[in-house]
Amino acid sequence: MSGSQSGRAYIGSFTAAGGRGIVTARLDPEDGSLTLLDATDALPDPSYLTVAGPLLYAVSETRDGAVAAFRTDTTPAVLAAPPVPVDGAGPTHLAIWGDRVLTANYGSGSVSSLPLRADGTPYPAGRDVLRHTGSGPHPQRQQAPHAHQILPDPSGRWAVSVDLGTDSVRVCALSDEGGLVLHHETALRPGSGPRHLAFHPSGRYAYVLNELAPTLTVCRWDAVEGALRPLTELPVLPDGSARGDAFPSEVVVAPDGRFLWTATRGEDVVTTFALDATGEAITLVGTVSCGGRWPRDLAIDPSNRFLYAANERSGDVTWFAVDQESGLPVRGGSVRVPAPSCVVFG
C-alpha cells in the first residue's frame, strides 16, 4: 500500500485496554526497525487500519461501530472528517473497494458499505448493510453470524467476507445503488471458524485461516464466476506441537507468492509455509516465536523483507527479517505498544 509519506508504519491499538489509539512510527528500510513518533486517540479502539492514497482508514471496534479517515501528512495522523456509524456492532476489519469503504461487523454479524466523498472521507448517505444468517456447532462462538473480514478480490469485481460464526465465506457484488448483494456462499468444515483470508498474487488461489480449528483451508478462486472452492485443509502447527489453546489470527502471503505466514495466539508462534509456483501446493516449513504474547496481526512491509507481529497481550510490535531462501522469520527487535491490534504501512 502507498500513502502520502514513505517510511511510515501505523499501529492500531485498543484504547479500552490501555492502548494509545493509532500510533505512527518511522520505518527504517535498511533493518526494518520501528521508531515510535506519536499517537492519536481520536477514535476509540481503532483495531484495524488500511491505507489508501493520502488517507488512513480505521474501524472503531465498539458496540456502536464506526469508521473514520485520517490524514497522513501530519504526525500524529488527524481526523479528516468526523467518524461515521456503520450500523453494525464491533467492526473488526475494513477495506476500500472503489469509491466505497467496507466493514466487517463481528458483533452484529453483518457487513457494511459506505460511499466515499471526492476527498476520500466516508459519509452515511447511501450506507448499506448486508446481514449474515446462520450459525455453527461451537456452543459459545457460533450461536450467530460473526463477520470477521471483508476485502475485494484481486480482480476488483467481488467483495469477499469471512464469517467465523457460520463457517462460510460469502462473495458479494455491488448493486447499481451501491449496496452489497450476496452472489455466492461457500461452506467450510463445520466448527472450523474461518477468520481471515488472503489471496495468492496470481489471483487464482485463496487461503482461509480458521480460528476455532488451527488450520488453513486452501481454495481455488474463480474471478469470472465469483466462486470459491475449497481444495484441502491443513494444520498451521507441526504435529504434536500444540500445548493447549491455539487460536490462529492472521494469514499473510508474500507479494512474490513464494511464502505464506500465519500467526497463532495461545501458542504465540508464526508459522512459515512454502508455496509452489502455482500457489496450490503448500508445505509447512517451520514455526518461530512471535516475540511476545497473543499475536493478533501479521504484516509484511512493502519491500517484502520484513515481517511484523502485533502482540496484543505483551504490548509490543516485533519485527523479523525474512530469510529469502527458507522464508523463516528471524527476530530483529521490538517496540513497546500497549494493546496493539494491527500494523499497516503508508
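The dialogue below takes up a sheet, then salt bridges.

Student: What should I know before starting?

Tutor: This is a predicted model, in which local features need pLDDT of at least 70 and side-chain atom pairs count only at pLDDT 80 or more, while totals for chains, interfaces and linings use all residues. Residues are numbered from 1 along each chain as its sequence is written, and side-chain values use heavy atoms, with hydrogens and water left out.

Student: How do I read a sheet?

Tutor: Strands of a sheet pair through backbone hydrogen bonds, either parallel or antiparallel. Strands are DSSP runs (E, at least two residues), numbered from the N terminus, and two of them pair if DSSP finds at least two bridges between them. Here, four strands make an open sheet in the order β3-β2-β1-β29, with antiparallel pairing.

Student: Which strands stand at the edges?

Tutor: These are β3 (34–40) and β29 (340–345); each has a single partner strand, so one side of each is left without a neighbour in the sheet. From one strand to the next, the twist averages 25°, where axes are lines fitted to C-alpha atoms and angles run from 0 to 180 degrees between N-to-C directions.

Student: How many bridges join β1 and β29?

Tutor: Strand β1 (residues 8–13) pairs with β29 over five bridges, in the antiparallel sense. A9 has F345 in β29 as its bridge partner.

Student: Now the charged pairs. What is the general idea?

Tutor: Side chains of opposite charge can pair when their charged atoms come close. A salt bridge is a side-chain nitrogen of Lys or Arg within 4 Å of a carboxyl oxygen of Asp or Glu. The whole structure has eleven salt bridges.

Student: Is the pair of R265 and E211 buried or exposed?

Tutor: Buried means under 20% relative accessible area, exposed over 50%, and partly exposed in between (1.4 Å probe, protein chains only). R265 and E211 form a salt bridge, with their closest N and O atoms 3.2 Å apart. R265 lies in strand β22 (residues 259–265) and E211 in the loop between β18 (205–210) and β19 (215–222), so the pair ties together parts that are 54 residues apart in sequence. Both R265 and E211 are buried.

Student: What about E312?

Tutor: E312 pairs with R296 in a salt bridge whose closest N and O atoms are 3.9 Å apart. Salt bridges that share partners also join R141, R195, E211 and R265 into one network.
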